[in-house]
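Biologist: I would like a close look at one part of this protein. Please take me through it slowly, then show me how the rest of the chain is built.

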Amino acid sequence: MLGSIVGFRETTTLRLTDTGDATLVALSPDGRKFAFVRRKRNQSRLWIDFADSGTRRPLTESADTHFRGLTFAPLGDALYYVASKGDRRLSALYRVSLAGNPDEIPAAELLIDDVDSPVAISPDGSRLAFVRNEPHAQETAIIVCDSGGLNPEVLATKQRPESYSLYGPAWSRDGNKLAIAANDGQGGAVAVEIDAATGTEQRFGGATWRRLGAVDWSHDGVNLLAVTWDGNPLNNGDRILRLSLTTDDAHKVTKDEYAYQGLSLPANRDEIATIAFRRRLRIWVGGNIEIKGNFSVAHPITEEIIEGAGVHTATEWMPDGRLLCSRSSAHRAGGGSDLWIVDHPGGAPQLLIEDAAMPAVSPDGKKIAFVSARGSSRTALWLFDVDRNTAEKLTGGQGELAPVFSPDGKWLIYETTGDGHPRLRRIPTAGGDSEEITDYYAARPAISPDGHWIAFYYVDDSNTGIKIAIAPYDTDNPRLPLPGRTFHHPPPSPPLLRWKSDSRAVIYCVTGHEVSNLWAQPILGDAPRRFTNFDADRIFSFAWSRDGRHLACARGRIESDAVLLTARETAEDAE
């Protein structure tokens with residue numbers, strides 16, 4: 001007999017899909033069927049799989065639909081899903097019966113509009129709960145309604161900067177409480193439980209996390225399973241943990257190279273259905289990209305790299321033409337990232353720095369700045385001496401990220417997230433005290449080669465999305481006022497800025513329908529122009545050589561499949 005899900009000390013993994021494009025999964029209460037969504041480019045389709053018969057059939061046509069959540073009815077005879085269709089901006093809740101003709105796609109019933117999270121269903125099937133985001137009111141609300149979407153009522157609200165997670169609530173096994181992740185307004189995330197009758201809220205344990213995603217209750221109602229990330233770019237990304245109600249204890253359920261998203265638990269079986277992510281990529285190098293555009297003259301300089309989807313991917317040029325690249329740390333429990341040197345035009349990668357991410361190379365190539373959480377749960381800046389093969393810690397470890405050298409090599413400018421909101425600071429490379437550069441939202445800095453400009457991602461008080469900001473930089477007076485020159489930017493993917501070698505434009509990456517391309521934003525305000533013409537694969541990182549003649553790209557794809565994690569009895573369980 002399997003041990004209780006309360007333990008879940010060891011698991012076995014069964015792959016439910018193998019197409020590499022699954023985005024959501026839900027397990028029926030009896031564990032005998034599962035529903036999942038496949039998305040390719042801008043087309044999505046909902047499917048159901050019957051484990052007993054081995055049959056699989058579609059529940060919707062392929063369409064430009066964005067699915068946000070799947071939930072089985074308690075009897076398993078219907079499936080609820082949240083989706084926005086085509087140009088429709090608001091998501092809505094739909095219900096589809098599973099009892100009809102298996103050779104026909106069933107009609108979906110629209111239940112309620114303006115649903116911003118997966119829906120949770122009470123154990124008796126009589127009530128639904130979901131999150132509604134009200135941007136104009138600056139609040140998120142938990143809405144409870146009947147099973148047909150009627151009689152909606154507000155159970156609880158949070159005013160910004162606090163908010164409820166759009167991964168949605170989970171109903172307790174006795175139907176008396178809801179659990180959900182919440183942003184605490186100070187850059188952290190906590191798990192809370194809410195009385196389903198009164199809306200009274202209390203913290204679930206005392207731990208604070210950098211990010212919490214989906215949550216669900218254990219069978220005994222004492223623990224939560226949660227998808228969480230600690231903010232460390234060296235980790236593989238979102239993992240599944242078991243959280244305790246009474247203590248700050250957190251037990252790792254997943255410990256492999258995958259990142260995870262979503263949770264679906266059957267009623268009385270020690271199983272979790274979830275989506276597992278990982279990357280497959282190669283480092284490519286090409287020349288004359290501005291002219292050729294299509295990267296047709298590029299060639300791979302590494303074998304295929306398989307790594308966790310949450311690991312920060314890096315490519316940086318050394319002055320001698322070699323490439324500094326990050327790779328997952330398969331030999332360490334829980335994964336992570338190491339830095340490797342790769343010869344160009346090719347050669348076997350050589351390990352340079354263990355337990356390191358987000359590198360920056362000094363102008364003379366003698367120093368490498370990087371971030372690491374060695375001996376801590378939060379990242380700090382470190383400086384590696386290439387000749388001596390030694391590293392020293394520069395900052396105290398308050399979540400420092402993304403260092404860049406000034407052109408004279410005397411300063412490191414970096415992002416810090418100590419208070420939960422990204423700011424820019426700088427510190428002398430020779431050591432000493434750091435100083436603040438911005439007191440507003442600023443992330444991922446990039447200094448122009450001539451040292452006169454600094455570019456970064458910026459969010460202003462209008463909360464209209466992420467912008468690229470370009471500001472003049474004075475090394476003697478580094479404090480940056482609110483930027484006057486900003487440019488609207490699609491959601492950054494990856495969040496990385498580079499400068500052209502002539503300091504006249506900032507290069508950024510845009511990813512749409514699983515394909516990435518580079519764009520150039522001139523600093524004088526001219527319209528951005530597309531810099532590459534890729535028709536496949538994502539860009540995870542990119543960098544120009546010091547002479548501006550070669551572009552290195554980490555390019556590949558993200559694989560995502562539905563998996564079933566099953567508790568495995570251990571000696572500790574058997575005692």
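This is a predicted model: local features need pLDDT of at least 70, side-chain atom pairs count only at pLDDT 80 or more; totals for chains, interfaces and linings use all residues.

Modeller: Buried here means under 20% relative accessible area.

Start with the two rings themselves. A pair of aromatic rings is described by the distance of the centres and the angle of the planes. For Tyr440 and Tyr458, the centres lie 5.6 Å apart. The planes stand at 85° to each other. That makes the pair edge-to-face.

Now place the two residues on the chain. Tyr440 sits in the loop between strand S38 (435–436) and strand S39 (442–447). Tyr458 belongs to strand S40, residues 453–458.

The ring centres of Phe542 and Trp544 are 6.4 Å apart, and their planes meet at 90°. Planes over 60 degrees apart count as edge-to-face, so this pair is edge-to-face too. Phe542 and Trp544 are both buried as well.

In total, the model holds 10 aromatic pairs. Rings can also gather in a group: Phe67, Tyr81 and Tyr94 form one aromatic cluster.

Charged side chains meet rings too. The charged end of Arg555 sits over the ring of Phe534, 4.2 Å from the ring centre. Arg374 does this with Trp382: its charged end sits over the ring, 4.9 Å from the centre.

Trp382 leads us to strand S33, residues 380–385. Six of the six residues in S33 are buried, and the strand is mostly covered. In a regular strand the side chains alternate between the two faces of the sheet. Look for that in S33. Ala380, Trp382 and Phe384 point one way. Leu381, Leu383 and Asp385 point the other way. Residues on both sides are buried.

Next, look at the partners of S33. Strands of a sheet pair through backbone hydrogen bonds, either parallel or antiparallel. S33 pairs with strand S32 (residues 367–372) over six bridges, in the antiparallel sense. Ala369 has Leu383 as its bridge partner in S33. S33 is also joined to strand S34 (residues 390–393), by four bridges, and these two run antiparallel. Here Leu383 stands opposite Glu392. S33 and S34 form a hairpin with four residues between them. In that turn, Asn389 has a positive phi of about 60°.

Strand S43 (residues 497–499) and strand S44 (residues 505–512) run antiparallel, joined by three bridges. Trp499 has Val506 as its bridge partner in S44. Five residues separate S43 from S44 in their hairpin, and Ser503 in the turn has a positive phi of about 65°. S44 then pairs with strand S45 (residues 515–522) over eight bridges, again antiparallel. Ile507 has Ala520 as its bridge partner in S45. In the hairpin of S44 and S45, two residues lie between the strands. His513 in that turn has a positive phi of about 55°.

Now move to an open sheet of four strands. Its order is S2-S3-S4-S5, with antiparallel pairing. Strand S2 (22–27) and strand S5 (55–58) are the edge strands, and each pairs on one side only. Neighbouring strands in this sheet are turned by 20° against each other on average, direction ignored. S2 and strand S3 (residues 33–40) are joined by five bridges. Val25 has Phe36 as its bridge partner in S3.

Ser545 lies in the loop between strand S47 (538–544) and strand S48 (550–568). Its relative accessibility is 9%, so Ser545 counts as buried. Ser545 and Trp317 are 228 residues apart in sequence, yet 5.7 Å apart in space, C-alpha to C-alpha. Leaving out residues up to four places away in sequence, Ser545 touches Trp317 and His550.

Finally, step back to the whole protein. The secondary structure comes to two helices and 48 strands. Of the 575 residues, 55% are buried. Take the contacts between residues at least 6 apart in sequence: 44% of them join residues at least 24 apart. The accessible surface is about 24800 Å², and 46% of that belongs to carbon and sulfur atoms.

Definitions and conventions
Residues are numbered from 1 along each chain as its sequence is written. Side-chain values use heavy atoms; hydrogens and water are left out. Buried means under 20% relative accessible area, exposed over 50%, partly exposed in between (1.4 Å probe, protein chains only). Contact means heavy atoms within 4.5 Å. Accessible areas come from the Shrake-Rupley method with a 1.4 Å probe; for residues, only the protein chains shown count as cover. Rings of Phe, Tyr and Trp (its six-membered ring) pair if their centres lie within 6.5 Å; planes under 30 degrees apart count as stacked, over 60 as edge-to-face and the rest as tilted. A charge sits over a ring if NZ of Lys or CZ of Arg is within 6 Å of the ring centre and within 35 degrees of the ring normal. Two strands pair if DSSP finds at least two bridges between them. Axes are lines fitted to C-alpha atoms, for helices over the stretch in contact, and angles run from 0 to 180 degrees between N-to-C directions.
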